[in-house]
Amino acid sequence: MKAKSTIALAILIGVVSFVGCGKSSSTNKGDRTANALASYVAPGEKDEYYLFYSGGHSGQVFVAGIPSMRHIVTIPVFAPYPGTGYGFDEESKKMLGDFTWGDMHHPALSQTDSKYDGRWLFVNDNANNRIARIDLRDFKTHQILGPIPNSIGNHGSSFITENSEYILCATRFSVPLPKGRVADPKDYEKEFNGMVSGIKVDPQTGEMKVGWQILTPPFDWDLGSTGKGPSSGWAFWTSYNTEMAHDVLEVNSSQKDRDLCAVVNWRAAEQAVAEGKAETMDGVPIIDPAKVPGVLYFVPVGKSPHGMDVDPSGKWVVAGGKLQPATTVISFEKLKEAIAKKDFVHGGDVRGVPVLEYNDVVEGEVPVGLGPLHTQFDGKGFAYTSMFIDSNITKWKLPPWSDEEKKDLNKVVLDKVPCHFSTGHLVVAGSDTKNPYGKWLVAMNKLSAGRHINVGPVQPESSQLIDISGDKMKMIAEAYTEPEPHFAQILKVSEIQPAEVYPKAENKDPNAVWDKENTGVTRNGNQVVAKLTAIRSRFTPDRIDAQVGDDLTVHVTNIEQTRDMIHGFGVIEQNINMTMDPGETKTFHIKLTKAGVFPFYCTNFCSALHQEMQGYLVVSNTGQPLPGAVYSQPGNETQPASQPAASPGN
Ligand code: RUQ
Ligand code: CUA
């Protein structure tokens, strides 16, 4: 076993250095004119699909268009983003909490009846155990849930159920639970635990809360996928450390020929909690699968698998091989039969969780090549697997297979297209729904290896657009992103209609002001509150007076109702930067610590007089207001601080 894993590692390192030595690309450039036209979107025309990339440790979502592959916007989620003022105003600061970064992996579009319903995009944070919800009405982050209790390394998510009932997550790491308990990593097997979490999604609002959790042995759970159709109500995860090693995982977690994947009946879990079969840890109902049978099963799969993908029919569950040159295809029908017959490996349960017989549930191992990671589907019976080591996309045929094919599964491997280089994730439009759009596949490659103009040692990731509408795949175009997309979702543009302004009538912010009469600066003790409007090309008022030691709160409403008329609010040397979209109110809060005059200005180019859109924050020393200081009651223009509630200023 050890020899095998060493070989796998050698291959891996070999390929990487091969790529690194600058061997020129092997792309079949095909018919340049036809390919160019296929991805060309003329000036003024629009793309047909949205491509939502997870932004990895940038903590952001990148939105591009297909087929042009042009980056259109960035949606900040787990990290501040000055470009949209995210992480500076009170609301987004509160969502981010104490964290300034996240490691985003797998985005999931909300679904109704196993089809995208165009409402929300959920993304997970591997680093700080969080899940966020982006509303597709305005392409903004509206909720960040977490850190999730009893869950460490929220990598195995966000896998959404067929009617968006739950986001299901599994832990990549294990720790002593509840969090905060300390045990020696040498006692890993005994003291550490992993977890599968069901995050409940409100069907109307999308608001998430932790529903329940299932305790697992300290395997390192990897990728997962939810069932649909016949496998409705079930979910599946691969794992890569059934050895339960706690050190030198590179070697110690690659000892066994097979690892175990988790088969979870989430409806049974939900019911068990409703029936009071859970115990509570850190406020969450926890199911111990040894005490509640029927919730969790294990299935052996090829060594250290990675991806786990359920096909559009819900019949086939495909595990990537990573360290073996094949994908394992599990038949859900066989799996259900084996469970019904209690056909378990005799005496082979792991901590009371039954293990199914490999031969009872596996339909076949498809020899796709080296380093299979993730698989996507086109809804026409074909599967597409990303090959990290071989650096290609391999197209193969899903079962049912003929007897002849079964005898030699090489026969179901149909086509390969080289990618550049070392493909990690791939996405086929709509693959995780019951009706994929097919047509386009995007390969997300881990190494770009100098195919772009030289930008120094910092290297982008490359994405390649592949046409899968014919028998043979066609490489069409390539583009670059910042690090680092881990999976993506593709949505038809025609399926959503995002708002382009926030209608005034829908602004429920109690501090929104729309008329000059309601703007102003009020003072109450050391609390100074300013309410401003922003419109081309002025802030009203354009002077805010305060003193050192004051708590200053500023609400700015962009009273425009015109698309694209975005205003910013930056304050010099105060680390304040907000952006207000048309009809939006934003708030910041600051403790004033230094005296001086601090100009504020619009950061977002808005008109020919954008440069003139500025004002002053005047911070005088404590107890020494300027005679002309602007502290007004609403409706009052100017009023010295030392004379509260006096007559309106001139
Ligand atoms: S993992 S390259 Cu975070 Cu999705 Cu497979
Ligand atoms: Cu408002 Cu620039």
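User: Phenylalanine 539 and phenylalanine 569: buried or exposed?
Analyst: Both phenylalanine 539 and phenylalanine 569 are buried. Keep in mind that this is a predicted model.

User: How many aromatic pairs are there in the whole structure?
Analyst: The search finds 21 aromatic pairs. One of them joins phenylalanine 159 and tryptophan 237, with ring centres 6.5 Å apart and planes at 65 degrees, so that pair is edge-to-face.

User: Which strands do phenylalanine 159 and tryptophan 237 lie in?
Analyst: Phenylalanine 159 is in strand E8 (residues 156–160) and tryptophan 237 is in strand E14, so the pair ties together parts 78 residues apart in sequence. Phenylalanine 159 counts as buried at 10% relative accessibility. Tryptophan 237 counts as buried too, at 1%.

User: Back to phenylalanine 539 and phenylalanine 569. What is the geometry of their rings?
Analyst: The ring centres of phenylalanine 539 and phenylalanine 569 are 5.2 Å apart and the planes are at 80 degrees, so this pair is edge-to-face. Phenylalanine 539 sits in strand E34 (residues 538–540) and phenylalanine 569 in strand E37 (residues 567–571), so the pair ties together parts 30 residues apart in sequence.

User: Which residues form an aromatic cluster?
Analyst: Trp234, Phe236, Tyr297, Phe332 and Phe344 form one.

User: Next, charges over rings. What lies over the face of tyrosine 358?
Analyst: Arginine 258 does, at 3.6 Å from the ring centre. Over the face of tyrosine 240 lies lysine 322, at 4.9 Å from the ring centre.

User: New topic: serine 239. Where is it?
Analyst: Serine 239 is in strand E14, which covers residues 234–239. Its relative accessibility is 0%, so serine 239 counts as buried.

User: What does its side chain reach?
Analyst: The serine 239 side chain reaches the backbone oxygen of leucine 260 at 2.6 Å. Setting aside residues up to four places away in sequence, serine 239 touches Phe219, Asp220, Trp221, Asp222, Asp259, Leu260, Ser304 and Pro305.

User: And lysine 140, where is that?
Analyst: Lysine 140 is in strand E7 (residues 140–145). It counts as partly exposed, at 23% relative accessibility. Its side chain makes a polar contact with the side chain of tyrosine 502, at 2.8 Å. Beyond neighbours within four places in sequence, lysine 140 is in contact with residues including Arg133, Asp135, Asp581 and Glu584.

User: Now the backbone. Which residues does a cis peptide bond join?
Analyst: One joins serine 157 and serine 158, with omega about 5 degrees. Serine 158 is in strand E8. The bond from proline 483 to glutamate 484 is also cis, with omega near -15 degrees. Glutamate 484 lies in the loop between strand E30 (474–481) and strand E31 (488–492).

User: Which residue has a positive phi although it is not a glycine?
Analyst: Aspartate 282 has one, of about 50 degrees. Aspartate 282 is in the loop between strand E16 (279–281) and strand E17 (284–287). At 48% relative accessibility, aspartate 282 counts as partly exposed. Arginine 351 also has a positive phi of about 50 degrees.

User: Where is arginine 351?
Analyst: Arginine 351 is in the loop between helix H7 (332–340) and helix H8 (358–361). Arginine 351 counts as partly exposed, at 37% relative accessibility.

Methods
Residues are numbered from 1 along each chain as its sequence is written. Chains are lettered from A and ligands numbered from 1 in the order in which they are written. This is a predicted model: local features need pLDDT of at least 70, side-chain atom pairs count only at pLDDT 80 or more; totals for chains, interfaces and linings use all residues. Side-chain values use heavy atoms; hydrogens and water are left out. Helices (H or I, at least four residues) and strands (E, at least two) are DSSP runs, numbered from the N terminus. Buried means under 20% relative accessible area, exposed over 50%, partly exposed in between (1.4 Å probe, protein chains only). A polar contact is a pair of N or O atoms within 3.5 Å; within protein, one must be able to donate a hydrogen and the other to accept it, and residues adjacent in sequence count only if both atoms are side-chain atoms. Contact means heavy atoms within 4.5 Å. Rings of Phe, Tyr and Trp (its six-membered ring) pair if their centres lie within 6.5 Å; planes under 30 degrees apart count as stacked, over 60 as edge-to-face and the rest as tilted. A charge sits over a ring if NZ of Lys or CZ of Arg is within 6 Å of the ring centre and within 35 degrees of the ring normal.
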